[in-house]
Amino acid sequence: MKNVVFGILVVLFALLSCKREDDDSIQKIDQILDLYMKNNAGQDLLNGKKAGSFSSYAVNDIFGDADNSPVSIPLKMTSDSLFYMEYITGAKRKILDSVSPENRTYYSRLALSLRRTVNNVADTVNDVVEIQYHWTPTVFEVSKVYYNGTLRFTKQPGGLNVVTIVK
């Protein structure tokens, strides 16, 4: 009988100690970045089957532990056959600034190596993408994206993280 009473007390204590989290205490994470590339004529430069487009690419984490710290960024395609790179995570983040313990900016830097053939000559284009993230206890999101040192994206409230580079 003592074991039954003790068991009921343990279960009752376990139920009372469970704290219900409300939606305000959950951190929203919005870190997926879609990167499109096109030329001045609007041609999709990530469609390797089109002349003048990039046939392959490699991505390296500039802050990685080694000189060669590859980051996986899959190539995806929209329903209207536009190709884009979808970056979710993989590169190290460093603190850029810390306004307060509850408001920080982190950043990652990626080296893109884009390869194509122009007039039967292999050409490699090396670019740098810097992604800045805004962190608070309630949100972690992409806030800005720089491409070769030029600001190309600033987060709009409720907007998607889509960057189109014109090369």
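User: How many bridges join strand S6 (residues 94–100) to S7, and in which sense do the two run?

Analyst: Five bridges join S6 to S7, and the two strands run antiparallel; strands are said to pair if DSSP finds at least two bridges between them, and strands themselves are DSSP runs of E with at least two residues, numbered from the N terminus. Before going further, please note that this is a predicted model, in which local features need pLDDT of at least 70 and side-chain atom pairs count only at pLDDT 80 or more, while totals for chains, interfaces and linings use all residues. Residues are numbered from 1 along each chain as its sequence is written, and side-chain values use heavy atoms, with hydrogens and water left out.

User: What lies between S6 and S7, and which residue stands opposite Asn103?

Analyst: The two strands form a hairpin with two residues between them, and Ser100 stands opposite Asn103 in S7.

User: Which other strands pair with S7, and over how many bridges?

Analyst: S7 is joined to S3 by six bridges in an antiparallel arrangement, with Asn60 opposite Ala111. S7 also pairs with strand S8 (residues 121–135) in the antiparallel sense over 15 bridges, where Arg116 stands opposite Asp123. S7 and S8 form a hairpin with two residues between them, and Asn119 in the turn has a positive phi of about 55°.

User: Why is the pair of Phe63 and Tyr107 called edge-to-face?

Analyst: A pair of aromatic rings is described by the distance of the centres and the angle of the planes. Rings of Phe, Tyr and Trp (its six-membered ring) pair if their centres lie within 6.5 Å, and planes under 30 degrees apart count as stacked, over 60 as edge-to-face and the rest as tilted. The centres of Phe63 and Tyr107 are 5.3 Å apart and their planes stand at 90°, so the pair is edge-to-face. It links distant parts of the chain, 44 residues apart, with Phe63 in the loop between strand S3 (56–61) and strand S4 (75–77) and Tyr107 in strand S7 (residues 103–118).

User: What makes Phe63 and Tyr107 count as buried?

Analyst: Buried means under 20% relative accessible area, exposed over 50%, and partly exposed in between (1.4 Å probe, protein chains only). Phe63 has 15% relative accessibility and therefore counts as buried, and Tyr107 is buried because its relative accessible area is 13%.

User: How do you know that Tyr133 and Phe140 are stacked?

Analyst: Their rings lie 5.2 Å centre to centre with 10° between the planes, and the pair is stacked. Tyr133 is buried, with a relative accessible area of 0%, and Phe140 counts as buried at 9%.

User: Which residues lie over the faces of Tyr133 and Phe63?

Analyst: A charge sits over a ring if NZ of Lys or CZ of Arg is within 6 Å of the ring centre and within 35 degrees of the ring normal. Arg93 lies over the face of Tyr133, at 4.7 Å from the ring centre, and Lys94 lies over the face of Phe63, at 4.3 Å from the ring centre.

User: Why is Asn161 called buried, and where is its place?

Analyst: Asn161 has a relative accessible area of 3% and is therefore buried, and its place is in the loop between strand S10 (150–154) and strand S11 (162–166).

Key. Helices (H or I, at least four residues) and strands (E, at least two) are DSSP runs, numbered from the N terminus.
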